[in-house]
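Please read this short briefing alongside the model.

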Amino acid sequence: MARYFKEKDIDEFRECFYLFARTGVIKSLDELTIIMRSLGLSPTISEMTGYLKQKGGKMTFADFLEVMHIHSRIENLPKEVVDAFKAGDPEGKGYIPAKQLRHLLQNWGERLSAKEVDRIFREANVDNSSMVKYEDFVKIACAPVPDYY
């Protein structure tokens with residue numbers, strides 16, 4: 001499974017895995033949940049139960065890498081976010097007022113600070129009084145941060 005991830009990613013996975021699975025084996029749904037969500041994924045309980053069941057109720061780091069590969073191919077966060085915006089856009093216009101987007105980012109989920117929202121808006125060229133095409137905004141906001149080393 002190592003061929004599917006960058007060495008840096010594997011190091012991050014390994015560090016998180018051994019931080020929460022101190023024995024070197026994931027033995028519970030709680031451990032798997034904490035590890036995968038700490039790494040930024042959002043699998044459902046039934047997905048994680050299935051992964052553990054496939055591995056006989058115990059998961060080594062090699063098994064975990066396989067699960068990470070499988071799940072990262074399934075999970076498509078940008079599409080899920082765009083779908084959420086579409087659900088709140090009954091007219092299907094594809095736009096949201098910047099003021100409303102700011103409110104959502106600051107008051108829902110991880111609740112970003114005003115400075116964090118300002119940085120995201122600056123990166124996405126969003127003016128506070130404009131209408132934002134949410135599909136374009138999501139592409140920018142969900143883009144991976146480039147490595148500069």
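**Aromatic rings and a helix pair**

Phe17, Tyr18, Phe61 and Phe64 are linked into a cluster by ring pairs. The model is a predicted one. The notes below take the ring pairs, then the helices.

**Ring pairs**

- A pair of aromatic rings is described by how far apart the centres are and by the angle of the planes.
- The count of aromatic pairs comes to eight.
- One of these is the pair of Phe5 and Phe13, which is edge-to-face, with 5.0 Å centre to centre and 90 degrees between the planes.
- Phe5 and Phe13 are both buried.
- Phe17 and Phe64 also form an aromatic pair, and this pair is tilted, at 5.5 Å centre to centre with 40 degrees between the planes.
- This pair links distant parts of the chain, since Phe17 lies in helix 1 and Phe64 in helix 4, 47 residues apart.
- Phe17 and Phe64 are both buried.

**Helix 1 and helix 4**

- Two packed helices are described by the angle and the distance between their axes.
- Helix 1 covers residues 7-20 and helix 4 covers residues 61-74; their axes come within 11 Å and cross at roughly 120 degrees.
- The two helices, helix 1 and helix 4, are therefore oblique to each other.
- The crossing of helix 1 past helix 4 is right-handed.
- On helix 1 the contact is made by Ile10, Phe13, Arg14, Phe17 and Tyr18, and on helix 4 by Phe61, Phe64, Leu65 and Met68.
- Of the residues in the contact of helix 1 with helix 4, eight are nonpolar, none is polar and one is charged.

Terms used. Residues numbered from 1 in each chain as written. Predicted model: local features only at pLDDT ≥ 70, side-chain atom pairs only at ≥ 80, totals over all residues. Heavy atoms only, no water. Axes fitted to C-alpha atoms, helices over the stretch in contact; angles between N-to-C directions. Helix = DSSP H or I, 4+ residues; strand = E, 2+ residues; numbered from the N terminus. Parallel < 35°, antiparallel > 145°, perpendicular 65-115°, else oblique. Left-handed = near helix turned anticlockwise from the far one by under 90°. Contact = heavy atoms within 4.5 Å. Nonpolar A, V, L, I, M, F, W, Y, C, P; charged D, E, K, R; others polar. Phe/Tyr/Trp six-rings, centres within 6.5 Å; stacked < 30°, edge-to-face > 60°. Buried < 20%, exposed > 50% of the residue type's maximum accessible area, 1.4 Å probe, protein only.
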